[in-house]
Amino acid sequence: MENYSCSRRDFLTQIMCGVGASALGSLAFAEGQKFPPMRVITKGPRHHWFGYYDKLQFDPTSRYVLGMEVAFEHRSPKADDVIKIGMVDLEDDDRWIELGESSAWCWQQGCMLQWLPGSTSEIIWNDREDGQFVSRILDVKTGKGRTVPSPIYSVSPDGKTAVTPDFRRIQDVRPGYGYPGFPDPNFKDLAPRDSGIFRVDLETGKSTMILSLDEISRTGTIPKNQKDVKHYFNHLLFSPDGSRFITLHRWQYPNGKRLSRLVTARTDGSDVRVVIDNGFVSHFIWRDPEHILAQSKATAESPSWGDFLVKDESGAELKEVGKGVLDSGGHLTYLPGNEWILNDTYPKGKERIQTPHLYHVASGKRIDLGHFHSPKIYTGEWRVDTHPRFSPNSRYVCIDSPYQDQGRQLHLIDISGIVSAS
């Protein structure tokens, strides 16, 4: 039997949740306005986008918004295709400020461009130099930069360490997420010992392999395992306290299909935990250092996917969040304070509408932020997922989406009227 007694703090929290839900229920935008204010902050003829949803696109002041610029669309990038790196000044008529360039990029995740955590003025992105992938660190105020002799994927909260997969391997098994130009030297090896996840010291440049594909292929039980499956890692993310990281361990079958497990480990590769092991897991985000929100099936036999909160432990119990309300296929993040979950959808219906949305955890209410049409030509490797990213002050959400005849562009949505209502 549940204990319904509560402390004064719990009682006040419940009251405030009720007030928040009431305020949300009466939320209204300007007359005739269905969605919160939005403006397009980049323009053609060149195309602009940012990529993945779990990177720091806004600087700590929420004034500058990072982006990438490219001259073409609707084909795979080649090794010699160069994109421009820049940022938009939201307080200077959305002025585009060019900062650098890269020839190590893909459509879905760009070049891992992001503000360096813990810094007010440094950014980092991947590039190539002298026959290898590298990363560039640039101070946008002083113009001083340096090169780290390794690519990066996720950066620790203190900005001193990164973890990275083997982009050559990813390009082999999942074009659109790796980088073209350097073939996988382990192409014929299904689970190589010298490929996997590397820890990169951003101060010294030293790179150390901490978890190999050979090791992960022998860890725990792999659903529907076969001798001919090809293993790889993708999607890495440090925990909020920097003590651990998430990765998806994936394996590809000869017919091209793949399954996944959600794995966490310490930053030295020890204490590996297979958190979700049913083979069906996709987008994820840390809620706090001990809990993860992930999209998965409840079991391998479940007919549909859902959003599940799990504890960072092997064989974790899956607790569904926002069933039937929070989209089960979008890209999830928590706004600061964990009161709101930011998410989106893939194109739906004949009009191929994508809908970024906010989900209020306490009330279970969803608020759509807009409807964005994605023409059919944006499909497969060069599709444009909205990948919503929030500003540190929780005022803005930035998305990627095609705009009129100008191709993919950055769209800024003002959510201040929503989050302040709660």
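This report walks through the fold, sheets, cores and salt bridges of the structure above.

## Ground rules

The model is predicted, so local features need a pLDDT of at least 70 and side-chain atom pairs count only at pLDDT 80 or more, while totals for chains, interfaces and linings use all residues. Residue numbers start from 1 along each chain as its sequence is written, and side-chain values use heavy atoms, with hydrogens and water left out.

## The overall picture

Let's start with the whole chain. Its secondary structure comes to four helices and 30 strands. Here, helices (H or I, at least four residues) and strands (E, at least two) are DSSP runs, numbered from the N terminus. The radius of gyration is 21 Å, close to the 22 Å that the globule rule gives for 422 residues, so the chain is as compact as a globular protein of that length. That radius is taken over C-alpha atoms, and the rule is 2.2 Å times the number of residues to the power 0.38. Along its principal axes, the C-alpha trace spans about 60 × 60 × 45 Å.

How much of the chain is buried? Buried residues make up 55% of the 422, where buried means under 20% relative accessible area, exposed means over 50%, and partly exposed lies in between (1.4 Å probe, protein chains only). The chain exposes about 18500 Å², with carbon and sulfur atoms supplying 49% of that; the areas come from the Shrake-Rupley method with a 1.4 Å probe, and for residues only the protein chains shown count as cover. As for contacts (heavy atoms within 4.5 Å), take those between residues at least 6 apart in sequence: 51% of them join residues at least 24 apart.

Strand β11 covers residues 161-164, and both of its faces are covered. Thr161 and Val163 are buried on one side, Ala162 and Thr164 on the other. Two strands count as paired if DSSP finds at least two bridges between them. β11 pairs in the antiparallel sense with β10 (residues 154-155) over two bridges, and Ser154 stands opposite Val163. The hairpin of β10 and β11 has five residues between the strands, and there Gly159 takes a positive phi near 75°.

β11 also pairs with β12 (residues 196-201), again in the antiparallel sense, over four bridges. In this pairing, Thr161 faces Asp201.

## An open sheet

Have a look at β6-β7-β8-β9 too: that is the strand order of an open sheet of four strands with antiparallel pairing. At the edges stand β6 (114-115) and β9 (145-148), each with a single partner strand, so one side of each is left without a neighbour in the sheet. β9 runs antiparallel to β8 (residues 132-139), joined by four bridges, and Arg136 stands opposite Thr147.

## Two nonpolar cores

In soluble globular proteins, nonpolar side chains tend to be buried together. A nonpolar core here is a set of buried Ala, Val, Leu, Ile, Met, Phe, Trp, Tyr and Cys residues joined through side-chain atoms within 4.5 Å. The largest one has 57 residues, and those with the most contacts inside it include Ile197, Leu202, Leu262 and Phe284. Strand β14 gives the most to this core, with five residues. A second, separate core of 28 residues includes Phe50, Ile97, Trp105 and Cys398.

Leu202 is worth a click. Leaving out residues up to four places away in sequence, its contacts include Leu116, Ile137, Val148, Val155, Gly159 and Thr161.

## Salt bridges

A salt bridge is a side-chain nitrogen of Lys or Arg within 4 Å of a carboxyl oxygen of Asp or Glu. How many salt bridges does a search of the whole structure find? It finds 28. One of them joins Lys230 and Asp172, whose closest N and O atoms are 2.7 Å apart. This pair links distant parts of the chain, with Lys230 in β14 (residues 230-238) and Asp172 in helix α2 (residues 167-173), 58 residues apart. Lys230 counts as buried at 11% relative accessibility, while Asp172 is partly exposed at 26%.

Asp214 and Arg218 meet in a salt bridge at 2.9 Å, N to O. Asp214 is buried at 16%, whereas Arg218 is exposed at 58%. Asp271 and Arg244 also meet, at 2.9 Å. Asp271 is partly exposed at 32%, and Arg244 is buried at 4%. Salt bridges that share partners join Arg244, Arg266, Asp271, Arg273 and Asp312 into one network.
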